Amino acid sequence: MKLKHILLMTLLLADFVSKAQDLSGTWEGSGGGEYLKLVIVQFGDSCFGYTYDTQKRCCKANFSGKYNEASKKLAGQGLDFIEKSPLESLYVFDLNYYENEGTAYLKGKFRSKTAGSNILLAFRKNITLCKRSSFVDSTRFMAKKAILYKNKKEQYVIKKKNDLLTDTSLAKTIDELTNIQHIKESRISKLIQTIETTTYSIRLVLYDDGEIDGDTVTVFDNGKMIVSRLRLSTKPFEILIPIDKMRNFHTIELMANNLGSIPPNTAYMQIYTDSKMYELRVSTDLSVNARVDFKYKDSN
């Protein structure tokens, strides 16, 4: 049941991300002594997602905001905590969108939602977020919003917080995605490399290795599908994967969906972690998946 919930969220968000403009994606940056990740999926002028403080303490919160395309301003705030450490607070954001040399940024100020910070504007801090990828992973809150925006008549009823989000019209596609999970589990998982890191995120970049021949891959993080049927090419595909002390071990697996016109399925992988960059050339086929393990190591 949990698997179907995850797959449905992935499907719904993927549908909207493909149509969204400008802001949908994963943003990462720092300001005021804070290191923050902001994941957004955009529906018209409405933006939903979550914020994630991955450096000092573990703090993840649902996010909601409005984007004014004319002024290129995003005003948003944390709604409630998904998980948190002691003394954490929700934030209010006032950000401006701009581009520089082909890279998108959100730059502005943020502050705590506490009463004291609302009075004392001096508590506002500057922050700059860079768009690291167009990838959007999901939360239950985001999936619920996706369903409501997909069906303005609100045909979908969520009776209680832990209900699964179901849609019989999507059953065929969900069955296909579930089949991909079964195929993955039926194959051998071959360990390519184990990497230790003290950073709080992994940046994974994928290309086709060699001649472009139509290779497609599906990517899993700790068994959860995070990228489906990616067509490898000379253009880099980037995805940012957060790490924290509560989830300090990650297994990233590449599964071949096909063998292209020139078997086997080959990928060139760049991994950025700490101040290091790893380069791996990965070969997979219809019986073997490629696996890279990441272990978080406290620098203290």
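## Strands β9 and β17, side by side

Strands β9 and β17 run parallel to each other and are joined by nine bridges. Strands here are DSSP runs of E, at least two residues long, numbered from the N terminus, and two strands pair if DSSP finds at least two bridges between them. One of the links is between Ile 195 and its bridge partner in β17, Phe 294.

Before we go further, please note that this is a predicted model, in which local features need pLDDT of at least 70, side-chain atom pairs count only at pLDDT 80 or more, and totals for chains, interfaces and linings use all residues. Residues are numbered from 1 along each chain as its sequence is written, and side-chain values use heavy atoms, with hydrogens and water left out.

## The five-stranded sheet

Where do β9 and β17 sit in the order of the open sheet? The sheet has five strands in the order β9-β17-β14-β11-β12, with mixed pairing. The edges belong to β9 (188-197) and β12 (224-231); each has a single partner strand, so one side of each lacks a neighbour in the sheet. From one strand to the next, the twist averages 20 degrees; the axes behind such angles are lines fitted to C-alpha atoms, and the angles run from 0 to 180 degrees between N-to-C directions.

Strand β17 also pairs with β14, this time in the antiparallel sense and over six bridges. Here Phe 294 of β17 is the bridge partner of His 250. As background, strands of a sheet pair through backbone hydrogen bonds, either parallel or antiparallel.

Strand β17 (residues 288-296) is mostly covered, with seven of its nine residues buried. Buried means under 20% relative accessible area, exposed means over 50%, and partly exposed lies in between, using a 1.4 Å probe and protein chains only. Asp 293 is buried, at a relative accessible area of 6%. The side chain of Asp 293 forms a salt bridge with that of Arg 291 (3.0 Å, N to O); a salt bridge is a side-chain nitrogen of Lys or Arg within 4 Å of a carboxyl oxygen of Asp or Glu.

Asp 293 has another link too, a polar contact of 2.9 Å between its side chain and that of Thr 251. A polar contact is a pair of N or O atoms within 3.5 Å; within protein, one must be able to donate a hydrogen and the other to accept it, and residues adjacent in sequence count only if both atoms are side-chain atoms. Thr 251 lies in strand β14 and counts as buried at 13% relative accessibility. Leaving out residues up to four places away in sequence, Thr 251 touches Phe 220, Asp 221, Asn 222, Arg 291, Val 292 and Asp 293, where contact means heavy atoms within 4.5 Å.

## Ile 192 on strand β9

Ile 192 belongs to strand β9. Is Ile 192 buried or partly exposed? At 33% relative accessibility, Ile 192 counts as partly exposed. Apart from residues up to four places away in sequence, Ile 192 touches Leu 280, Ala 290, Arg 291 and Val 292.

## Salt bridges elsewhere

The whole structure holds six salt bridges. One of them joins Glu 28 and Arg 132, with the closest N and O atoms 3.5 Å apart. This pair links distant parts of the chain, since Glu 28 is in strand β1 (residues 25-31) and Arg 132 is in strand β8 (residues 125-133), 104 residues apart. Glu 28 is buried at 6% relative accessibility, whereas Arg 132 is partly exposed at 32%.

## Aromatic pairs

How many aromatic pairs does a search of the whole structure find? There are eight. Rings of Phe, Tyr and Trp (its six-membered ring) pair if their centres lie within 6.5 Å; planes under 30 degrees apart count as stacked, over 60 as edge-to-face and the rest as tilted. The rings of Trp 27 and Tyr 97 have centres 6.4 Å apart and planes at 75 degrees, so they are edge-to-face. Trp 27 is buried at 0% relative accessibility, and Tyr 97 is buried at 8%.

Phe 63 and Phe 93 are also edge-to-face, because their ring centres are 6.0 Å apart and their planes stand at 70 degrees. Both Phe 63 and Phe 93 are buried. Together with Tyr 91 and Phe 110, they form one aromatic cluster.

Technical notes. Helix = DSSP H or I, 4+ residues; strand = E, 2+ residues; numbered from the N terminus.
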